[in-house]
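Open the model in your viewer and keep the selection panel at hand. The tour moves from one selection to the next.

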Amino acid sequence: FAAHLPVYPSCQSQFRTLKLTGAPMLFLVGELDDYTPAKYCTTYVERMAAEGYNARIKIYPGAYHAWIVDYGITHCSSCVTFGGCGLIYIEDDGHETALDGKASTKESWKPFIETMFQNCGKRGVTLRINQKARQDTIATTVKFFSKTLASQK
């Protein structure tokens, strides 16, 4: 990959051992995102940068999840978030662990999800378009890829 631009990603799932491509990364996250909380991306980007990766973050003030599109709803009562569960680690063998090892995908995803939901999952997230953040996301995306890809020629 020449560049990475995750938009409202779930940075709650993080590689325990960082073995990334080394390509520049710009994370675009919403300050008020209660589906994929920005706090996880902030600490992940700090961790990446501390390990020498070219990682940056842009946080859109007042933006919730899905600020780019208009789903016609602003609250998804059936959507589940594990935002209050703490970090989820992607282990070197590819499975994920959380809750200090109480939840693992090593055998199956079903018990992982059940354990997470019982311990700290919750229903209900906000999905809301934000025109200012949407417009800036388009401009930021073009600028990021134009600059990054031009510098690799």
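Is Phe112 buried or exposed? Select Phe112: at 3% relative accessibility it counts as buried. Buried means under 20% relative accessible area, exposed over 50%, and partly exposed in between, with a 1.4 Å probe and protein chains only.

Before going on, note that this is a predicted model, in which local features need pLDDT of at least 70 and side-chain atom pairs pLDDT 80 or more, while totals for chains, interfaces and linings use all residues. Residues are numbered from 1 along each chain as its sequence is written, and side-chain values use heavy atoms, leaving out hydrogens and water.

Trp109 and Phe112 are three residues apart in helix 2 (residues 109-120), which means about one helical turn separates them. Helices are DSSP runs of H or I with at least four residues, strands are E runs of at least two, and both are numbered from the N terminus.

Stay with aromatics. The structure holds four aromatic pairs. Rings of Phe, Tyr and Trp (its six-membered ring) pair if their centres lie within 6.5 Å; planes under 30 degrees apart count as stacked, over 60 as edge-to-face and the rest as tilted. Trp109 and Phe112 make an edge-to-face pair, 5.4 Å centre to centre with 85° between the planes.

Next, select Tyr60 and Trp67. Their ring centres are 5.2 Å apart and their planes stand at 50°, so this pair is tilted. Both Tyr60 and Trp67 are buried.

Keep Trp67 and show its surroundings. Contact here means heavy atoms within 4.5 Å. Leaving aside residues up to four places away in sequence, Trp67 touches residues including Val7, Leu28, Arg128, Ala133 and Thr137.

Now bring up the core. A nonpolar core is a set of buried Ala, Val, Leu, Ile, Met, Phe, Trp, Tyr and Cys residues joined through side-chain atoms within 4.5 Å. The largest has 15 residues, and Leu28, Tyr60 and Trp67 touch the most other members. Strand 2 (25-30), strand 4 and helix 3 (131-150) each supply at least two residues of this core. A second, separate core has 13 residues, among them Cys11, Phe27, Tyr44 and Met48.

Finish at Leu5, in the segment before strand 1 (13-15). Leu5 counts as buried, at 17% relative accessibility. Beyond four places in sequence, Leu5 touches Leu26, Leu28, Thr141, Phe144 and Phe145.
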